[in-house]
Amino acid sequence: MLLTLLATVGCVKSAEQRDVTTGAIPNPTATPAPVSFPQDEQAHDSRLEWWYHSGHLESESGREFGFHFVVFKSDDGLSEPNLVAQLGLLDLETGKHYDLSRAEAGFRSSGDSELSIEIANWVYGIGGRPGSHGFAVTTDEVSMKLSLTAASPVMLHNEIGWIPSEAGASYYYSWPRQDAVGLLILDGERIGLTGTGWFDHQWGDFFVLGKPAGWQWFAIQLDDGGSLMITEARGIDGVMVDTYGTYMSTEGEAKILRQESGGIELTATGEWTSPTTDATYPSGWTLRIDSLDLSLTLEPVIKNQEVQSGLPAVSAYWEGKARASGHQNGEPITANAYAELSGYVDPGPIEWMQR
Amino acid sequence: MLTAIGIFAVRRKYIVLATWIIVILGALPFAPRAQEFLKPGGFSNESFPSVQARKVLQERLEVTTLTVDFVFTHPEWSPFDPRFSGAVENAVEGLTDYDEIAYVATHLDDPQRASAVSNTVHVSMGLTIELDQSLEFLETVIDHVDSGPLGLVITGGPALYRDISLASERDLRRGETVAFPIATIVLLLVFGTLVAAILPAAVGGGGVLAGLAIVFFMSQGIDMSVFALNIVSLLGIGIGIDYSLFYTSRFQEELRRGRTVDNAVIAAHSHAGKAILFSAVTSLIGLLSLVTFDVMMLRSVGIGAVAVIFAALLAALTLMPAILAILGHRVNRFRVLPRWGTNSRKNFSFWVPLSNWVMRRPWLVLIPTSTVLILLAVPALSMRLGTVDATILPDSLESRQGFDVLREEFGFALQTIIPVGYTFADAAGEAANPFAFENLTTAYDIGRELERVEGVTKVTSIVNLDPTFGPEQYELLYQHPEAITDVTAAQLVRESVRPGAILFLVHSDLHPFWPETRQLVTDIRALIPPSGQLHVNGGASEITDIVNTLYGKFPYIVGAVLLVTYLSLMLLFRSVILPLKAVVLNVLSILASYGALVFVFQQGHFSGVLNFEAMGVIEATLPILLFAIIFGLSMDYEIFLLSRVAEAYERTGDNVASVAEGLQRSGLIITGAASILVIVAASFVLADVVVVKAIGLGLAIAVFVDVTLVRALVAPAIMRIAGPWNWWLPAWLDRILPQVKHDV
């Protein structure tokens, strides 16, 4: 009995030596499902996801602000998702740019049709009604609550809201116009705000690559009521691989813009070097879209709107309020815009590769 | 020879005593320092594939397996509050300047290091040094780290082993403090006089001192594990006192027969001395088997136990006769209890009716007692072998508290992660580039194969990031590896890749201690890559090696010990059946203790009373240790009983009467000796280190079962039923067996 016990207690089935199967093939990329609401406003089980707001706000007294608020969710499938929330706030009166963030491990949400995400003591909410969002941010310097409600139809990019790329594919849609109303407490001063926001929601199993890869992205709210998203993407070798966009008219009709068919030409007119990261960003652009008969000149309202708080140094980016002016169909036109410039910070060397 | 030693000790009693006083005085400064050169751990072995793999991973992939873990807390500030983060950064600032530190990772590097449920942050510091050196370096780190406004608990390998050493030393002191006085009380009950009672404890204690001093010196030349200290001490105290007890009782018996003091000592020496010598030999057969294992912990218990048993034997055979010769009749001074010596008829009051009852109804005794023994052993069938983690420590110790936080809030030690290193066949020049297409392709195939192994939930590596990616896409992704911003991917590129090698982390929901996890390790090890080699490391892998090594050999060692013991007993008792019965009953005692171990320490019964956290497994070395210790001890009692039976049988030729007389004559001494051992062993149940607690309890239960159910009931019942067959020996065997007197 003792020997039987000893023989069984320590043993595991001996395993036959076997060769690793060669030529393994990857799983096929899933066929994209149609984006549907309100479900797809919520969180997804994907490697990367972000809910991104930007916009242009004004107080009753006419004091202007620009803001961008984003929640990043990254999930490697091994542990709780990581959450990072950032607020970039630009006070045009003082020219001061606030770069604030919070991070949290673990995704806490409540409800099926409504989502409330807590990131440290910040809260981001997604309402049950498509296109309705809100956030509440509290720091020593800034407290801000903003409620955003869709004021336009949804904008599905690349027709169905699906963007394939060499680093994986993602779903991507926008609410290009949201009515914004909220309260800002800045240095103890309570400021009521109203304005117009832009919302992007992107998720999927894809990778964001740093310099030389990257992108320039523009969310342009034309003063005739039209909205325009333009993205110029650089591939892993730094060469521009795609320029695409979506235009939505005042009536809510969407038009997909492609480099090859639409004649999109984006040219930087200046540059600015960050004193913090030493990254040199384009600063000022001309944009010409033949299919819309549109030409615009865009200028950032201030140069330094770099965002680095809460992210690794290599992931710092420029996210800023800009003003645009130009012509469409021969008529003068102006616009408020937000620009995002990613992939300009030199990544630090990998220590072992230097040896 | 033995008698000559006795005569010498009597004639030169003062010289012998003086020599021993010098030896004990010489041992005094060193015995308390026995643990000074003992090494932490000792459950692993350099030749294990997992240890070899660890070295490859350290050399080729710079994987650091030894970490110091800091747990920072604050009652109000959340982890990402700048005040909290700032305090953490201040605390660890400058640590990476030490050559001994490979990296320091905080929650600012990986947000997962911030607890989701409390204001707690886990910071890890990877060490480039071995565990032995890390204990001293830990003090440097503790001095360096100023946690400021944050609460700080330090855990991780070095801190755990520091606390295990501290707890072991404390356990030892506590065990000795409890064991000696209680053992003396038992001795008082047996002898009735103060001098006779103190004598075995004093001589036993002298033996232990000498034994521990031997361990101190041996550990400077041989690697010995700190875990050995308690076990060696336990054995030393128990066996030392037992030997002295046998000796003293026999001396008293001889005095009562009217011999002179010197003759009584010499007579005791030739009878009890032989019993002690034979007892030591049988104990050593079991304990020496430990030396054959390639695991430092077992080997050091074997070596240490040999040292203390040898010292105890020497003390019993030289110091004891010298002291008894000096004391003479004064050994019976200061009587505190009425006389109930071993040779008095009236003292058989309990053993006589018991033996008569057993002789009248052997089957009625045998069936229920055997059933009880088998029932006690049944839980052993569900034994799961594993290894130790911080839960063997009490939660009053800092490293255990830190471990509990990491387990509860960060999921430590609940799941298995097996690091598998892939080294390329060609690791020179461009061929060593881990991002080259060929290498990525091979790694990709390995990664997918690992994902298919049963029990694997996830594989993490640079080629297991996205199931829809193939080698071509990974090659594209890693064109500029430094440009990857994805936290996981960037971390993998920095930490799990080096020229010529790629690391895979194989995740499983199986607990690291489960046998199923050993199967998983075995299945992974069976994989042959198309080129290069795989190296499987990690805790689960080391446990697999430990269990494979121990239990590949253990059944053979058990078989050999049983056979040698059987043959020895056959030689001594000139019987085929009696040795077989002795061996079978010993095995039953051992199985009963295994069953109790599983019931208590694996399944967690009485964990509240005994103050421990159920291990869920039995530490893999425990069954082996217990076998080695218990087999020898149980055999002592068996020999003592059978000797008395055989002596009576030779004289009377009446099997039933002989068995009854043997039981009557040996009952009190066996019970007394066993009681002391049970008390000494049970005192280790108070230990803080759960493994020591388990050994104490296992041993106490085994000895208790052995002297109550086995020796008092089952053994006599079987002998009664076997009748003349007890003494059957084929004529041809009788002719070839050498003659050995069993006059013990």
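The questions and answers below go from domains to chains and then to one helix.

Analyst: This is a predicted model, in which local features need pLDDT of at least 70 and side-chain atom pairs count only at pLDDT 80 or more, while totals for chains, interfaces and linings use all residues. Residues are numbered from 1 along each chain as its sequence is written, and chains are lettered from A and ligands numbered from 1 in the order in which they are written.

User: How far apart do the C-alpha centres of domain 1 and domain 2 of chain A lie?

Analyst: Chain A is divided into domain 1 (45-207) and domain 2 (208-346), with bounds that come from an automatic or database domain assignment. The distance between the C-alpha centres of these two domains of chain A is 19 Å.

User: Which strand of chain A gives the most to the side of domain 1 that touches domain 2?

Analyst: Two residues are in contact if their C-beta atoms, placed from the backbone, lie within 7 Å, and 32 residues of domain 1 of chain A are in contact with 28 residues of domain 2 of chain A. Strands (E, at least two residues) and helices (H or I, at least four) are DSSP runs, numbered from the N terminus. Several strands of chain A each supply at least two residues of this side, including strand 2 (48-59) and strand 13 (189-204). The one that gives the most, with 6 residues, is strand 5 of chain A.

User: Which element of chain A makes up the largest share of the side that touches chain B?

Analyst: The contact between the chains takes 58 residues from chain A and 59 residues from chain B. On the side of chain A, helix 1 (2-9), strand 1 (18-19) and strand 5 each supply at least two residues. The largest share, 6 residues, comes from helix 1 of chain A.

User: Which residue of chain B stands opposite Asp19(A)?

Analyst: Two strands pair if DSSP finds at least two bridges between them, and 2 bridges join strand 1 of chain A to strand 10 (residues 527-528) of chain B, the two running parallel. Within strand 10 of chain B, the residue opposite Asp19(A) is Ile528(B).

User: How many of the 16 residues of helix 14 of chain B are buried?

Analyst: A residue is buried if 20 or more other C-beta atoms lie within 10 Å of its own, exposed if 12 or fewer, and partly exposed in between, with C-beta atoms placed from the backbone. Among the buried residues of helix 14 of chain B are Asn439(B), Tyr444(B) and Leu450(B), and what covers the buried residues includes helix 17 (515-525) and strand 10 of chain B. Helix 14 of chain B is largely enclosed by the rest of the structure, because the number of its 16 residues that are buried is 12.
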